Amino acid sequence: MTEHLSLTGVTHGYGDRRLFTAVDLTIGAGEHVAVVGENGAGKSTLLRILAGLESPDEGTAANHGRVGYLAQTTGLPASFTVGNAIDHALESLRAIEAELDRLESGLADADEEQLERYGDLQTQYQLREGYAAESRVEAALDRLGLGGLDRQRALGSLSGGEQHRVALACVLADPADVLLLDEPTNHLDASGTAWLEARLAAHRGTVVVVSHDRALLRKVAASVIEVDAERCAVNRYGNGYDGYLREKAAERERWVQQYRGWLDAMAAERLQADTVAGKMGYARRRDGDKMGFDFKAGTWQQAVTSKVRNAQERLRRLEANPVDRPPVPLKLAVDLQGETGEGAAGADAAGPALEARGVQVPGRLAPTDFRVEAGQKILITGPNGAGKSTLLSVLAGTLEPEEGTVVRHGRIGYLQQELEPPVRPGMRLLPAFVAGLGGNIDEHAEALLRLGLFRTTEFHVPVGSLSAGQQRRLALARLLLGGFQTMLVDEPTNHLAPVLVEQLEAALSEFGGTLIMVSHDRALGEWFNKCAARSAAGSAAGSTGGAGWLRYAMAEGALA
């Protein structure tokens with residue numbers, strides 16, 4: 001297999017922050033690969049290095065063939081028109097067209113070299129299907145929801161989502177040998193995403209896609225490359241996305257076994273050092289031979305000292321090379337029966353957990369009635385602008401409706417899609433997590449560490465310096481460990497690495513309280529459907545767990 005992309009000994013970072021160390025990576029021609037990892041781990045940086053747009057601090061990066069690159073932002077001037085953006089994307093094709101026109105005008109008097117040059121260019125143009133480039137642009141814009149878009153429109157007059165879709169259409173209008181795509185499904189609806197999946201799956205060249213969209217990863221990627229922020233490494237996994245998940249689970253099991261083995265070895269050496277003297281019972285009683293006894297006692301003491309010293313040395317080596325404790329899977333342990341006092345509500349409490357009557361926000365939410373029974377799990381879907389986030393804000397009490405009322409019972413936790421800037425940006429991460437929780441800060445630190453959302457080294461980072469993904473994980477951690485009876489979560493999988501998302505789903509499936517979610521995540525929707533089917537089967541078999549899993553679709557600012 002011809003290699004299209006390669007990294008050799010690549011080390012890279014920004015300032016004091018190291019992203020990768022001594023990375024070797026090869027991606028062959030025709031491979032379809034996904035890049036995953038935590039938000040801020042360096043996935044986009046890796047893609048820019050592969051594209052040749054950024055040079056590594058150390059090592060070399062090489063690509064072969066034409067490269068088509070889609071960034072999360074277009075990078076084009078706001079004054080560019082849609083037509084300018086298309087011409088920029090098709091620049092090399094336009095250059096071939098211009099050269100063909102120039103050569104055609106002199107074909108009657110052309111020499112052999114000019115004729116050969118003309119033939120080569122014509123072959124290139126035909127192989128790239130240059131004659132169909134314009135129709136491909138129009139078809140792509142149409143499938144991405146921008147059919148009939150005026151090419152004289154300035155990019156600055158388009159929304160961010162529209163700009164992203166224009167850029168995607170341009171990249172796919174002249175498919176390169178190598179496609180490097182950074183979050184291509186951002187701002188796409190279901191039909192646009194399905195079309196993109198089909199295009200990428202059919203692409204005969206190399207595809208490298210950075211994405212959190214697990215449905216896309218399952219359908220497109222044959223291999224997965226993980227950017228490991230903790231180890232500053234880039235690791236490759238075969239057998240598609242599901243194979244990646246299986247291998248990550250196996251890695252974790254090996255990690256758990258190594259950690260347990262390290263603990264057992266530490267305990268064994270401590271026991272050896274503490275009790276070896278007691279186990280050496282030789283020559284404890286005098287047998288009338290004083291000289292023999294003294295000799296034997298001296299020999300015994302030397303043996304004891306040697307064994308204790310050896311055990312202590314082995315213990316020192318174990319302590320100098322610890323195995324970090326693996327984080328436990330996410331868990332929502334809410335004691336619904338343990339809440340007391342005014343406003344408390346358990347799973348069997350009379351009345352709904354939430355009830356909205358005639359709530360309305362002009363221009364954002366039509367008059368809506370919404371009742372949620374205690375223990376219900378509800379997923380709200382719908383296109384952008386339908387009013388999903390507005391409804392959640394009204395239910396949570398962070399947005400007052402112009403009309404209508406909301407009745408709430410029990411403790412309610414709310415994870416917003418867009419977080420407000422930190423009130424105290426200089427506060428460190430751990431105190432920010434603990435704020436308002438009470439209790440022992442060391443116990444809270446232990447609980448936060450075991451969630452696996454943060455490392456100990458990040459506990460002292462000012463919250464104002466956290467990335468958007470880190471701030472969202474902090475909010476998620478406060479939600480998970482807050483002991484809420486009702487949780488409202490808006491796009492809960494945003495900014496989470498795939499393995500964490502899988503663990504979050506497992507935790508939510510075991511949550512005994514009331515759950516209302518808003519999400520565009522197709523894989524989360526499939527998980528929700530499976531949970532609903534299991535719940536229905538349990539109810540049919542006489543199970544008493546839960547009040548059911550329900551799905552609502554929002555359109556034009558109202559529930560359907």
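These notebook entries record what I looked up in the structure.

**Basis of the entries**

I worked from a predicted model, in which local features need pLDDT of at least 70, side-chain atom pairs count only at pLDDT 80 or more, and totals for chains, interfaces and linings use all residues. Residues are numbered from 1 along each chain as its sequence is written, and side-chain values use heavy atoms, with hydrogens and water left out.

**Entry 1: the open sheet**

I looked up the order of the strands (strands are DSSP runs of E with at least two residues, and helices are runs of H or I with at least four, numbered from the N terminus). Six strands form an open sheet in the order β5-β6-β7-β3-β8-β9, with mixed pairing. Two strands count as paired if DSSP finds at least two bridges between them. The edges are held by β5 (67-70) and β9 (233-237); each has a single partner strand, so one side of each is left without a neighbour in the sheet. From one strand to the next, the twist averages 15 degrees (axes are lines fitted to C-alpha atoms, for helices over the stretch in contact, and angles run from 0 to 180 degrees between N-to-C directions).

Within this sheet I examined β3 (residues 32-37) and β8 (residues 223-228), which pair in the parallel sense over five bridges. Gly37 stands opposite Val227 in β8.

**Entry 2: strand β12**

I then turned to β12 (residues 377-381). Five of its five residues are buried, so the strand is largely enclosed by the rest of the structure (buried means under 20% relative accessible area, exposed over 50%, and partly exposed in between, with a 1.4 Å probe and protein chains only). Lys377, Leu379 and Thr381 point one way from β12, whereas Ile378 and Ile380 point the other way.

I found β12 paired in the parallel sense with β16 (residues 514-518) over four bridges, and Ile378 stands opposite Ile516 in β16. Five bridges also join β12 to β17 (residues 549-555), again in parallel. Here Lys377 stands opposite Trp549.

**Entry 3: salt bridges**

I noted 30 salt bridges in the structure; each is a side-chain nitrogen of Lys or Arg within 4 Å of a carboxyl oxygen of Asp or Glu.

- Arg66 and Asp174 meet through their side chains at 3.4 Å, N to O. Arg66 lies in the loop between β4 (58-63) and β5, and Asp174 in the loop between α6 (160-173) and β6 (178-182), so the pair ties together parts that are 108 residues apart in sequence. Arg66 is partly exposed at 26% relative accessibility, whereas Asp174 is buried at 7%.
- Asp87 and Arg94 form a salt bridge with their closest N and O atoms 3.1 Å apart. Asp87 is partly exposed at 37%, and Arg94 is partly exposed at 25%.
- Glu355 and Arg357 meet at 3.0 Å, N to O. Glu355 is buried at 15%, while Arg357 is partly exposed at 41%.

I also recorded a network of salt bridges that links Arg214, Arg218, Asp242, Glu502, Glu505 and Asp521.

Most residues other than glycine have a negative phi.

Glu183 lies in the loop between β6 and α7 (190-202) and is buried at 7% relative accessibility. Cys232 is found in the loop between β8 and β9 and is buried, with a relative accessible area of 15%.
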